[in-house]
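Subject: Structure for you to look at

Hello,

Here is the structure I said I would pass on. My notes on it follow below.

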Amino acid sequence: MNPIHFEFNSSNTNEAVLFLLLVFVLVVIIASLWVHALYQARRKAKELEEELQRKNKELQKVIVELKTTQVRLIESGKMSAAAALSAGILHQISQPITAIHGFVRFMKQEMPKENLFYRPVCLMDEQSVYLKEMLDNLMTIIRHRKIQKTSIGVNAVVERSLNLLTDELRIRRVNWETDLDHSVPEIFADPVHLQQIFMNIVVNACEALAALPRGQERQLHVFSKFDSMNRKVEIAFKDNGPGIPEEVKKHVFEPFFSTKSSGTGIGLALCHDLVAEHGGTINVDSGPGGTTFTVILSVGAS
Ligand SMILES: Nc1ncnc2c1ncn2[C@@H]1O[C@H](COP(=O)(O)OP(=O)(O)O)[C@@H](O)[C@H]1O
Ligand SMILES: [Mg+2]
């Protein structure tokens, strides 16, 4: 066996040191490149994560907007379908009423005042005028009659609306009183639309009051007020009915929302639209002691 011969000289040592140095430099270069790449990747990942979060937020916003638009579209679709149907029905009803009204007028003219039927005929005449007027108003609104603003006194429209509903109020045994502020200035509004708004609110109040137990007084308090500081007119209708539960209150202005077995759910939705067309607001305040609907309109808004 030959022993391994190993020559240990200085040139070999230098080469080994040089080689080790080279390896070390290479390792350092590779390590720093690797660290740099890792750092870059981390930064990129963080940027991507932030970008993702931003996009996510934007997406959430778009989803909310889409949902709102979808609800609006469904509602307007429902409204226009119902409006077309209602306009058709109203047209069918108004024709016989016009004929009845013509005959009644004729009977009234021809009948001597002493006749036993003279008084009922006068009442029929009065009621058919009222019916015709109601139908005309409904038609104009359902057909989306263009708003026709003029300078008007709100108090006069309130009184007229209540006068048109005198029978309804009497039949339902509602004690109503008005407290109208005579300092209310004239406003620029559509009297037909305002009358429709007020009548809808009063009819709803009458219907709510009918739910009170027998013997309990049914009250409807209508008042107007001028807020001179903000140049606004407020018309409030306060009833002492059973009130509106919180979960119902959220929906009362939605089209086709009704808690009544034979309700249409159109009344307050129309009120809401018509008030909005006047640049105003309609609020509801309700509790176990009753409900108040307040219409707020600006003075001087055109
Ligand atoms: N004065 C009121 N008191 C209690 N509930 C009311 C009153 N006014 C409106 N509401 C509620 O608002 C709902 C929507 O009213 P509306 O749009 O006029 O439709 P409708 O009268 O056909 O039900 C009613 O069904 C009722 O639940
Ligand atoms: Mg109603």
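Which helices each supply at least two residues of the shell around ligand 1? They are helix 5, residues 191-209, and helix 7, residues 267-277. Please keep in mind that this is a predicted model.

First, the chain as a whole. Its secondary structure comes to seven helices and seven strands, and along the sequence these follow the pattern α-α-β-α-α-β-β-α-β-β-α-α-β-β. The chain has 302 residues, and 19% of them are buried. Taking the contacts with a separation of 6 or more, 73% are between residues 24 or more positions apart.

Next, the ligand. There are 20 residues around ligand 1, and those that come nearest are N204, A208, S258, G263 and G267. Sorted by class, the shell has ten polar, eight nonpolar and two charged residues. Helix 5 gives the most to this shell, namely four residues.

Helix 5 itself has 19 residues. From its first C-alpha to its last it reaches 27 Å, close to the 27 Å expected at 1.5 Å a residue. The helix is mostly covered, with 14 of its 19 residues buried.

Helix 7 also has buried residues: G267, L268, A269, L270, C271, L274 and V275. After this helix comes G279, which has a positive phi, near 75 degrees.

How do the two ligand-shell helices sit against each other? Two packed helices are described by the distance between their axes and the angle between those axes. For helix 5 and helix 7, the axes come within 9 Å and cross at roughly 145 degrees. The crossing of helix 5 past helix 7 is left-handed. On the helix 5 side, the contact is made by H193, Q196, I197, N200, I201 and N204; on the helix 7 side, by G267, L268, L270, C271, L274 and V275. By class, this contact has seven nonpolar and five polar residues, and no charged ones.

Two residues turn up in both parts of these notes. N204 of helix 5 and G267 of helix 7 take part in the contact between the helices, and N204 and G267 are also among the residues that come nearest to ligand 1.

If you open the model, I would start with helix 5 and helix 7, as each supplies at least two residues of the ligand 1 shell.

Regards

Note on methods: Residues are numbered from 1 along each chain as its sequence is written. Chains are lettered from A and ligands numbered from 1 in the order in which they are written. This is a predicted model: local features need pLDDT of at least 70, side-chain atom pairs count only at pLDDT 80 or more; totals for chains, interfaces and linings use all residues. A residue is near a molecule or strand if its C-beta atom, placed from the backbone, lies within 6 Å of it. Ala, Val, Leu, Ile, Met, Phe, Trp, Tyr, Cys and Pro count as nonpolar, Asp, Glu, Lys and Arg as charged, and the others, Gly among them, as polar. The expected span of a helix is 1.5 Å times one less than its number of residues. A residue is buried if 20 or more other C-beta atoms lie within 10 Å of its own, exposed if 12 or fewer, and partly exposed in between; C-beta atoms are placed from the backbone. Axes are lines fitted to C-alpha atoms, for helices over the stretch in contact, and angles run from 0 to 180 degrees between N-to-C directions. A crossing is left-handed if the near helix is turned anticlockwise from the far one by less than a right angle, and right-handed if clockwise. Two residues are in contact if their C-beta atoms, placed from the backbone, lie within 7 Å.
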